[in-house]
Protein chains: 2
Amino acid sequence: MKMDQTPLYSIGTVARMLEVSVYTLRMYEREGLVIPRRAESNQRLYSQSDVDRLKCIRTAITELKFSIPAIKTIYSLIPCWDIVKCSESDRSNCAAYSGHSLPCWTYRHKKNTCAERDCRTCTVYTLSADCGSIKQMIQSSRK
Amino acid sequence: MKMDQTPLYSIGTVARMLEVSVYTLRMYEREGLVIPRRAESNQRLYSQSDVDRLKCIRTAITELKFSIPAIKTIYSLIPCWDIVKCSESDRSNCAAYSGHSLPCWTYRHKKNTCAERDCRTCTVYTLSADCGSIKQMIQSSRK
DNA sequence: TAGGCCTGATATTTGTAATTGTCAATAAAT
DNA sequence: ATTTATTGACAATTACAAATATCAGGCCTA
């Protein structure tokens, strides 16, 4: 699984690549399913990893018949606390740890180890660009 | 969370309790979301725990807007291997361990510790009758 | 400079999952 | 004994999420 984070493609380019409209891509971002970078001009720039992730999401919606809220919930089950090795106190201050309907990267973390992180480069986010990986993350987690 | 497994209610009774049709309840069973017991006459008998579980499923569908395939996938993420403490060899013989689209209790297990179990009484199944419990099960799992 | 992109709110279309209904035969209930 | 509820399988319906399309005003870039 290549994992190229380089900001490359414009929204229109990605729309053609995935055969969806730009409106749809903006909606996926609004829903927190993907976090493309921005150019200085504020235009979205998607990486190859973003495109892979979006392919994943498209398959989930069109073939597996998942709804968007369900996809968000599935992302929220990734054992991020284990992956980023956050402390007990980090966890008690973490809405993502207690919640189970939104991906961790959709929260504004303030008081824990994720506060300074860029979620785009966090393993929790990048690994989940690979479709089948979420159960594997659960399986390899330890307390 | 009470967890009464006593077979009590007919399908019509449950349909009135949850305000759905009996057809819907049969479909949920066909999809593997619930496994009601049967009377000797082959008629379905639902326990209170079954009803709780179905309430959960109804909330997921009507309020959280989950699709049925997504609910099945979420069930499939429960760390059953940890909960039933199955061995390495059990896991390699287990379609549920490698799969990520169907709840473990929908498989016919033949060669592992689950082969002789009745899934209706297995913690993996019974605990998931409580709506918010799946993430907690992931959180308390260890390698 | 023409075409692509931005925000953000609102409206419309559409595909299909979820639900309900029908059937005849059998079982349970009163 | 008659009614009511159950069974599975198949057909029909409906409700609504996902996707697309608007709008306007302004910026960006190829």
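Figure 1. With 6 other C-beta atoms within 10 Å, N42(B) is exposed, because a residue counts as exposed at 12 or fewer. The model shown here and in the other views is predicted. N42(B) sits in the loop that links β1 (37-38) to β2 (44-45) of chain B. The phi angle of N42(B) is near 80°, a positive value in a residue other than glycine. Most residues other than glycine have a negative phi.

**Figure 2. K65(B), in the loop between α3 and α4 of chain B.** Although K65(B) is not a glycine, its phi is positive, about 65°. K65(B) has 12 C-beta neighbours inside 10 Å and therefore counts as exposed.

**Figure 3. L8(B), in the segment before α1 of chain B.** L8(B) has 15 other C-beta atoms within 10 Å and is partly exposed. Not counting residues up to four places away in sequence, L8(B) touches L45(B), Y46(B), S47(B) and Q48(B). For one of these pairs, L8(B) and S47(B), the C-alpha atoms are 5.3 Å apart, while the two residues are 39 residues apart in sequence.

**Figure 4. C80(B), a buried residue in helix α5 of chain B.** Helix α5 covers residues 80-83 of chain B and contains C80(B). Around C80(B) there are 27 other C-beta atoms within 10 Å; C80(B) is buried because the cut-off is 20 or more. Leaving aside neighbours within four places in sequence, the contacts of C80(B) are A96(B), C104(B) and V124(B). The C-alpha atoms of C80(B) and I138(B) are separated by 9.4 Å, and these residues are 58 residues apart along the chain.

**Figure 5. I71(A) and I71(B) in the largest nonpolar core.** This core has 56 residues, and I71(A) and I71(B) touch the most other members. In chain A, I71(A) is in contact with L33(A), I57(A), A60(A) and F66(A), leaving aside its neighbours within four places in sequence.

**Figure 6. Chain A as a whole.** Chain A has nine helices and two strands. Read from the N terminus on, its elements follow the order α-α-β-β-α-α-α-α-α-α-α. The radius of gyration of chain A is 15 Å, close to the 15 Å that the globule rule gives for 143 residues, so chain A is as compact as a globular protein of that length. Taken along the principal axes, the box filled by the C-alpha atoms of chain A is roughly 45 × 35 × 25 Å. In chain A, 31% of the 143 residues count as buried. Among contacts in chain A with a separation of 6 or more, 65% are between residues 24 or more positions apart.

**Figure 7. The contact between chain A and chain B.** Chain A contributes 18 residues to the contact, and chain B contributes 18 residues. On the side of chain A that touches chain B, α4 (68-76) and α9 (133-139) each supply at least two residues. The largest share, four residues, comes from α4(A). This side of chain A is made up of nine nonpolar, five polar and four charged residues. Chain A superposes on chain B by a rotation of 180° with 0.0 Å of shift along its axis (RMSD 0.1 Å). Such a relation is that of a two-fold axis. The copies meet through the same surface, because 100% of the interface residues of chain A are also interface residues in chain B.

**Figure 8. The protein surface near DNA strand C.** DNA strand C is surrounded by 21 residues, of which G12(A), R44(A), Y23(B), S41(B) and S67(B) are the closest. Two or more residues of this surface come from each of α1 (11-18) and α2 of chain A and α2 of chain B. By class, the surface near DNA strand C holds eight nonpolar, ten polar and three charged residues.

**Figure 9. The protein surface near DNA strand D.** Around DNA strand D there are 20 residues, and S21(A), S67(A), S10(B), G12(B) and R44(B) come nearest. The elements giving two or more residues here are α2 (22-30) of chain A and, from chain B, α1 (11-18) and α2 (22-30). The surface near DNA strand D divides into eight nonpolar, nine polar and three charged residues.

Key:
Residues numbered from 1 in each chain as written. Chains lettered and ligands numbered in written order. Predicted model: local features only at pLDDT ≥ 70, side-chain atom pairs only at ≥ 80, totals over all residues. Contact = placed C-beta atoms within 7 Å. Nonpolar A, V, L, I, M, F, W, Y, C, P; charged D, E, K, R; others polar. Near = placed C-beta within 6 Å. Rg over C-alpha atoms; globule rule 2.2 N^0.38 Å. Least-squares fit on C-alpha atoms with pLDDT ≥ 70 in both. Core = buried A, V, L, I, M, F, W, Y, C linked by C-beta atoms within 7 Å.
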